[in-house]
Amino acid sequence: LLDATGAFRSTIFDETSALAARHGAVNLGQGFPDQDGPEAMTEAAVAAIRSGQNQYTPAVGHPRLRAAVAAQQRETQGRELDPDTQVLVTCGAAEALTAALLSVVKPGDDVVVLEPYYDLYAAVVSFIGANLRPIPLRPPHFTPDPEELRQAFTPRTAAVLVNDPHNPTGTVLDAATAEIIAREALANDAVVITDEVYEHLRFDGAHTSLAAGGGRSSLDPELAAAIAQRTLVVSSASKTFRATGWRIGWLTGPRELVTGARAIKTYLTHSPAAPLQLAVAQALENPRPWVEDLAAEQGRRSALVVNALRDLGLTVADPAGSYYVVADFSPFHDRLGVRDSLELSPSLIEHTGVALLPVRAFASARNAALYDGWMRVAACKQEEVLVEAMNRLKTSL
Ligand code: PMP
Ligand code: GLN
């Protein structure tokens, strides 16, 4: 996160995208789609702007979008949410995560997270002056050591961050890990913050939130009910509706926790773009066939990348969701004359014309070496783009 002077540096996403653009590389680094969202959503945005929906919405978000989020969560996760008190609209999942952490975590508290993790988590925990307790998912299957995970929780643990489906590894949370997190959060009075931005990108369409209700949870019913009472769920339109540049997200959960986050969020940005909130409401109200097609298509794209990387002789972790495929590129370190995967990323851009991100950039300094060699491929592009990138790797490596 920090440069040699101790200042925050720009993110690996922005740095790699800029380098890829300078070299005309296929950018499979930063994860964003190369296609638009549903046509009707775009039309709804234009109509909202033209019909004068251009002033602030309430700070909690437009009532139509809050109602649409509550209805979507009832249908997909069996959660009963009051749209007035249990749904908060935010500027992307990024702001939802920021407000959630700022409202729950105090200076000196611990925040448990499965590692590798999305970089914003560590940045916000550091803004607060709290301590991140990263528990490594161990390659090549990217599962945690159960005992290590259990022991990370103490009475100092204010929150645990869970990202499912997972960025960067493409894995999904298994029932045993979910149970440890739920039991320990309960025993240590910690809040669970679940980042579910890839909820509709689990290839089998079977995403289940840690806060799921109505018999959908893999946890025993008593534990499921207790954990839902202490879980804040984060999601957004960025991935579900291919609108990463719209910055529309949301946070849902028990009333007291949402009220806390809402107080902070008001002073961060007040409210996101009014016409885009309405357009996302339109899309959430009409999810089919969009979300089914989205998951199936991503499954095909990720499989294409997995097969191409295995053909190169690489070890690849089987993805079950999200945008990403991770593979161990260390066999290429010597060939390209690099010492580690931080050096491999720019070298691949120059020598193969393909931008990928080192998984170790998603890890704490203490555990980064565990992930050396592993690279993340953002497989969220159109098939011909992925084929071109895989051909470039094949012919240049
Ligand atoms: N969480 C994860 C795991 C992500 O990969 C991202 C980036 N898409 C975000 C949060 C931020 O999402 P948003 O664009 O909605 O702010
Ligand atoms: N979530 C995207 C990724 O992991 C990037 C988001 C960003 O650039 N901050 O690639």
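I began with the domain record: UniProt lists residues 26-392 as "domain: Aminotransferase class I/classII large", in an unreviewed entry, and such annotations may be inferred rather than shown by experiment, with positions given in the numbering used here. This is a predicted model, in which local features need pLDDT of at least 70 and side-chain atom pairs count only at pLDDT 80 or more, while totals for chains, interfaces and linings use all residues. Residues are numbered from 1 along each chain as its sequence is written, and chains are lettered from A and ligands numbered from 1 in the order in which they are written.

I looked up the span of residues 26-392 and found its end C-alpha atoms 9 Å apart, with 43% helix and 16% strand (DSSP runs, H or I of at least four residues for helices and E of at least two for strands, numbered from the N terminus).

Eleven of the 13 residues are buried, so α4 is largely enclosed by the rest of the structure (buried means 20 or more other C-beta atoms within 10 Å of a residue's own, exposed 12 or fewer, partly exposed in between, with C-beta atoms placed from the backbone). Among the buried ones are Gly92, Ala93 and Glu95.

I then turned to ligand 1, to whose shell α4 gives the most, with three residues. Those around ligand 1 include Gly92, Ala93, Ala94, Tyr118 and Asp195 (C-beta atom, placed from the backbone, within 6 Å).

Around ligand 2 I noted Thr11, Phe13, Gln30, Gly31, Asn167 and Ala378.
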